[in-house]
Amino acid sequence: MTVTEADILNASVLIVDDQEVNVSLLEQMLREAGYARVASTINPQEVCALHRKNRYDLILLDLQMPGMDGFQVLEALKTNETDGYVPVLVITAQPGHKLRALQAGAKDFVSKPFDLVEVRTRIHNMLEVRLLFKRLENYSKELEQTVRERTAELRESEARYRSLTELASDWYWEQDETGNFTKVSGPVLEMLGIRVAALTGAAGNAPPAGWNGAEREALQATIAARQPFLDFVLNRVNADGSQQKFRVSGEPMFNQACRFIGYRGIGVEITAK
C-alpha cells in the first residue's frame with residue numbers, strides 16, 4: 001500500500017486565510033511545486049461547507065481571522081468530519097498558539113513569516129500521511145465487504161450442500177467434538193430402529209446388537225484420527241435374522257482457529273431388495 005508522487009500532487013488542497021496576499025503566495029508556491037487541485041477562500045465561515053462538498057485531503061488554515069478564527073473552524077470541522085481525521089495544517093504567527101492548535105485537532109503547523117521550503121515539506125508529508133490513511137480506510141472497508149460476501153457465499157453453499165445431500169442420501173448428520181449428534185436430517189431413527197449415536201459408538205452408548213464389530217471398530221478408529229471417510233460400509237443383522245447394509249461418508253469439521261468441532265456426513269441404506 002504505497003502513495004506515489006503523482007498521487008500527492010493530485011491531492012486536493014484548500015487554503016483558508018483572510019489575507020489575499022497570503023492566499024496568493026501559497027497558491028503560487030503550490031502550483032509551482034506541481035499541485036494540480038488547489039482551492040482557496042478568504043471567508044472562514046465557508047470552510048465546513050466547502051470541505052463537506054469536496055472532501056479536501058489537506059486544509060491550510062490561518063488561525064487569526066476576523067468573525068471566525070481558526071480555532072472555531074477546527075471545532076466545526078471536527079463535527080463535520082466523518083472519518084475522525086481532520087486534515088488541517090495551521091498557519092500562525094503566534095508561537096503560543098501552536099500547542100493549542102494541536103490540542104484542538106490540527107495535525108501540524110507552519111509559522112509566519114513563511115519559510116517556503118518548510119511549508120512545501122510539511123504539506124508534502126501531511127498529504128502522504130493523509131492519503132495512506134484514506135487507502136487504509138478504503139482497504140478495511142473493502143476487506144469487510146469481501147468477508148461479508150464470502151460469508152454469504154459459504155452459507156448459500158452450505159445450504160445447497162445440505163439440500164443436495166438430503167436428496168442424494170437417506171440421512172444427513174452433524175456431530176459435535178464429543179460425538180453427540182447435533183443435527184440429523186432424514187428418517188434415520190425409523191430406518192435403523194436405534195439411537196443415532198450408536199452408529200459411532202459415542203461415549204455412554206453401549207454397542208447395540210447386530211452390528212459388525214470389526215466394521216464399527218474401523219469406523220471409530222477413523223473418527224478418532226479425525227480422518228474423512230468415503231462410502232464406508234456397515235452391516236447389521238436384525239433380531240429376526242434379516243440383514244441391512246449401509247454406506248456412510250463423513251468429514252471432520254474445524255473452526256477458523258483450526259480446532260476440531262465435530263463431524264458431518266451422509267448415509268444411505270444399500271440393502272439389496
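# Strand β1 and its neighbours

User: Over how many bridges do strand β1 (residues 12–16) and strand β3 (residues 58–62) pair?

Analyst: Strands are DSSP runs of E with at least two residues, and helices are runs of H or I with at least four, both numbered from the N terminus. Two strands pair if DSSP finds at least two bridges between them. β1 and β3 pair in the parallel sense, and their bridges number 4.

User: What pLDDT does the protein average?

Analyst: This is a predicted model, in which local features need pLDDT of at least 70 and side-chain atom pairs count only at pLDDT 80 or more, while totals for chains, interfaces and linings use all residues. Residues are numbered from 1 along each chain as its sequence is written, and side-chain values use heavy atoms, with hydrogens and water left out. The pLDDT is the predictor's confidence in each residue, from 0 to 100. At least 70 is reached by 84% of the residues, and the average is 81.

User: Which residue of β3 is the bridge partner of I15?

Analyst: Along the pairing of β1 with β3, V13 stands opposite L58. For I15, the partner in β3 is L60.

User: Which residue in β2 stands opposite L14?

Analyst: β1 and β2 run parallel and are joined by 5 bridges. In β2, the residue opposite L14 is A39.

User: What is the order of the strands in the open sheet?

Analyst: The sheet has 5 strands with parallel pairing. Its edge strands, each pairing on one side only, are β2 (37–41) and β5 (108–111). The order is β2-β1-β3-β4-β5.

User: How many of the residues of β1 are buried?

Analyst: Buried means under 20% relative accessible area, exposed over 50%, and partly exposed in between, with a 1.4 Å probe and protein chains only. S12, L14 and V16 point one way from β1, V13 and I15 the other, and all are buried. β1 is therefore largely enclosed by the rest of the structure, the buried count being 5 of the 5.

User: At about what angle to β1 does helix α3 (residues 47–54) run?

Analyst: Axes are lines fitted to C-alpha atoms, for helices over the stretch in contact (heavy atoms within 4.5 Å). Angles run from 0 to 180 degrees between N-to-C directions. Helix α3 lies across β1, β2 and β3, and its angle to β1 is about 175°.
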